[in-house]
Amino acid sequence: MEEDDVTIREQNFHSQVREYIICFLLFAVLYIVSYCIITRYKRKSDDHEDEDAVVNRISLYLCTFTLAVSGGAVFLLPFSIISNEILLSFPRNYYIQWLNGSLIHGLWNLVSLFSNLCLFVLMPFAYFFLESEGFAGSKKVPL
(Lines give C-alpha, C1' and ligand atoms only; values in the text may rest on other atoms or scores of the structure.)
Protein backbone atom coordinates (compact mmCIF):
# COMPACT_ATOMS: atom_id res chain seq x y z
CA MET A 1 0.00 0.00 0.00
CA GLU A 2 2.76 2.42 0.93
CA GLU A 3 4.73 1.64 -2.23
CA ASP A 4 1.70 2.55 -4.33
CA ASP A 5 1.48 5.94 -2.57
CA VAL A 6 5.17 6.58 -3.25
CA THR A 7 4.84 5.73 -6.92
CA ILE A 8 1.78 7.98 -7.26
CA ARG A 9 3.62 10.82 -5.55
CA GLU A 10 6.63 10.23 -7.79
CA GLN A 11 4.46 10.25 -10.90
CA ASN A 12 2.82 13.51 -9.80
CA PHE A 13 6.23 15.02 -9.09
CA HIS A 14 7.61 13.99 -12.46
CA SER A 15 4.57 15.28 -14.32
CA GLN A 16 4.82 18.65 -12.54
CA VAL A 17 8.53 18.93 -13.33
CA ARG A 18 7.84 17.99 -16.94
CA GLU A 19 5.15 20.68 -17.20
CA TYR A 20 7.43 23.33 -15.69
CA ILE A 21 10.26 22.46 -18.07
CA ILE A 22 7.98 22.55 -21.12
CA CYS A 23 6.46 25.88 -20.05
CA PHE A 24 9.91 27.35 -19.46
CA LEU A 25 11.23 26.15 -22.82
CA LEU A 26 8.20 27.49 -24.69
CA PHE A 27 8.49 30.85 -22.96
CA ALA A 28 12.25 31.01 -23.56
CA VAL A 29 11.73 30.45 -27.29
CA LEU A 30 8.97 33.07 -27.37
CA TYR A 31 11.13 35.54 -25.45
CA ILE A 32 14.09 35.10 -27.81
CA VAL A 33 11.88 35.52 -30.88
CA SER A 34 10.23 38.59 -29.33
CA TYR A 35 13.61 40.11 -28.51
CA CYS A 36 14.77 39.60 -32.10
CA ILE A 37 11.58 41.17 -33.46
CA ILE A 38 11.77 44.22 -31.19
CA THR A 39 15.47 44.86 -31.76
CA ARG A 40 14.93 44.49 -35.51
CA TYR A 41 12.30 47.24 -35.63
CA LYS A 42 13.61 49.41 -32.80
CA ARG A 43 14.88 52.81 -33.81
CA LYS A 44 18.62 53.09 -33.48
CA SER A 45 19.37 55.84 -31.01
CA ASP A 46 22.28 58.22 -30.82
CA ASP A 47 24.74 58.37 -27.97
CA HIS A 48 22.82 58.19 -24.75
CA GLU A 49 23.90 58.91 -21.26
CA ASP A 50 24.10 56.00 -18.87
CA GLU A 51 20.72 56.80 -17.30
CA ASP A 52 18.99 56.89 -20.66
CA ALA A 53 20.56 53.60 -21.69
CA VAL A 54 19.39 51.92 -18.48
CA VAL A 55 15.85 53.27 -18.90
CA ASN A 56 15.72 52.14 -22.51
CA ARG A 57 17.06 48.70 -21.62
CA ILE A 58 14.50 48.20 -18.85
CA SER A 59 11.69 49.28 -21.15
CA LEU A 60 13.01 46.98 -23.87
CA TYR A 61 12.98 43.99 -21.52
CA LEU A 62 9.46 44.75 -20.28
CA CYS A 63 8.15 45.16 -23.82
CA THR A 64 9.91 41.96 -24.88
CA PHE A 65 8.29 40.09 -22.00
CA THR A 66 4.89 41.50 -22.98
CA LEU A 67 5.35 40.53 -26.63
CA ALA A 68 6.38 37.02 -25.58
CA VAL A 69 3.24 36.66 -23.44
CA SER A 70 1.11 38.00 -26.31
CA GLY A 71 2.70 35.51 -28.69
CA GLY A 72 1.98 32.75 -26.20
CA ALA A 73 -1.66 33.85 -26.05
CA VAL A 74 -1.92 33.90 -29.84
CA PHE A 75 -0.32 30.48 -30.33
CA LEU A 76 -2.09 28.81 -27.41
CA LEU A 77 -5.37 28.10 -29.18
CA PRO A 78 -3.80 26.43 -32.25
CA PHE A 79 -1.43 24.56 -29.92
CA SER A 80 -4.40 23.30 -27.89
CA ILE A 81 -6.31 22.17 -30.98
CA ILE A 82 -3.32 20.44 -32.57
CA SER A 83 -2.32 18.72 -29.33
CA ASN A 84 -5.88 17.47 -28.83
CA GLU A 85 -5.94 16.03 -32.35
CA ILE A 86 -2.56 14.36 -31.83
CA LEU A 87 -3.74 12.83 -28.55
CA LEU A 88 -6.89 11.53 -30.21
CA SER A 89 -4.91 10.10 -33.13
CA PHE A 90 -2.23 8.41 -30.98
CA PRO A 91 -3.74 7.69 -27.55
CA ARG A 92 -1.20 5.08 -26.41
CA ASN A 93 1.99 6.47 -27.91
CA TYR A 94 4.82 6.69 -25.36
CA TYR A 95 6.48 9.70 -27.02
CA ILE A 96 3.35 11.83 -26.83
CA GLN A 97 2.55 11.26 -23.16
CA TRP A 98 3.95 14.68 -22.18
CA LEU A 99 1.23 16.36 -24.24
CA ASN A 100 -1.66 16.03 -21.82
CA GLY A 101 -4.62 18.05 -20.62
CA SER A 102 -2.85 19.15 -17.48
CA LEU A 103 -0.11 20.82 -19.54
CA ILE A 104 -2.63 22.67 -21.71
CA HIS A 105 -4.62 23.75 -18.66
CA GLY A 106 -1.46 25.00 -16.95
CA LEU A 107 -0.45 26.94 -20.07
CA TRP A 108 -3.88 28.57 -20.23
CA ASN A 109 -3.60 29.57 -16.56
CA LEU A 110 -0.10 31.01 -17.00
CA VAL A 111 -1.01 32.96 -20.14
CA SER A 112 -4.09 34.39 -18.44
CA LEU A 113 -2.11 35.43 -15.36
CA PHE A 114 0.81 36.96 -17.24
CA SER A 115 -1.35 38.73 -19.83
CA ASN A 116 -3.22 40.50 -17.04
CA LEU A 117 0.08 41.33 -15.34
CA CYS A 118 1.49 42.76 -18.57
CA LEU A 119 -1.64 44.70 -19.47
CA PHE A 120 -2.30 46.31 -16.11
CA VAL A 121 1.15 46.54 -14.50
CA LEU A 122 4.19 46.13 -16.76
CA MET A 123 3.15 48.12 -19.84
CA PRO A 124 1.91 51.20 -17.91
CA PHE A 125 5.08 51.05 -15.81
CA ALA A 126 7.28 50.84 -18.91
CA TYR A 127 5.47 53.73 -20.56
CA PHE A 128 5.57 56.07 -17.57
CA PHE A 129 9.12 55.04 -16.70
CA LEU A 130 10.28 55.88 -20.21
CA GLU A 131 8.36 59.16 -20.24
CA SER A 132 9.65 60.21 -16.83
CA GLU A 133 13.20 60.45 -18.17
CA GLY A 134 12.26 63.07 -20.77
CA PHE A 135 13.72 63.32 -24.24
CA ALA A 136 17.02 61.68 -25.07
CA GLY A 137 19.93 64.03 -24.49
CA SER A 138 17.92 66.61 -22.55
CA LYS A 139 19.52 68.08 -19.45
CA LYS A 140 18.13 67.03 -16.14
CA VAL A 141 16.91 69.85 -13.93
CA PRO A 142 18.20 69.48 -10.35
CA LEU A 143 15.55 69.56 -7.67
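Contact here means heavy atoms within 4.5 Å. With that in hand, let's walk through the model. It is a predicted one, in which local features need pLDDT of at least 70 and side-chain atom pairs count only at pLDDT 80 or more, while totals for chains, interfaces and linings use all residues. Residues are numbered from 1 along each chain as its sequence is written, and side-chain values use heavy atoms, leaving out hydrogens and water.

The chain has 3 helices and 0 strands (DSSP runs numbered from the N terminus: H or I of at least four residues for helices, E of at least two for strands). Among contacts with a separation of 6 or more, 83% join residues 24 or more positions apart.

Now for the interior. Of the 143 residues, 22% are buried (under 20% relative accessible area, with a 1.4 Å probe and protein chains only). The largest nonpolar core has 8 residues: I22, C23, L76, I96, L99, L103, L107 and V111. Such a core is a set of buried Ala, Val, Leu, Ile, Met, Phe, Trp, Tyr and Cys residues joined through side-chain atoms within 4.5 Å. Two or more residues come from each of α1 (2–41) and α3 (101–132), and α3 gives the most, with 3. Leaving aside neighbours within four places in sequence, L76 is in contact with L107, W108 and V111. Apart from this core lies another of 6 residues, including V69, C118, L122 and A126.

Finally, the cysteines. C23 counts as buried because its relative accessibility is 16%. The whole structure holds 0 disulfides (pairs of cysteine sulfur atoms within 2.5 Å). For C118, the nearest cysteine sulfur, that of C63, is 9.7 Å away.

How values were computed: Buried means under 20% relative accessible area, exposed over 50%, partly exposed in between (1.4 Å probe, protein chains only).
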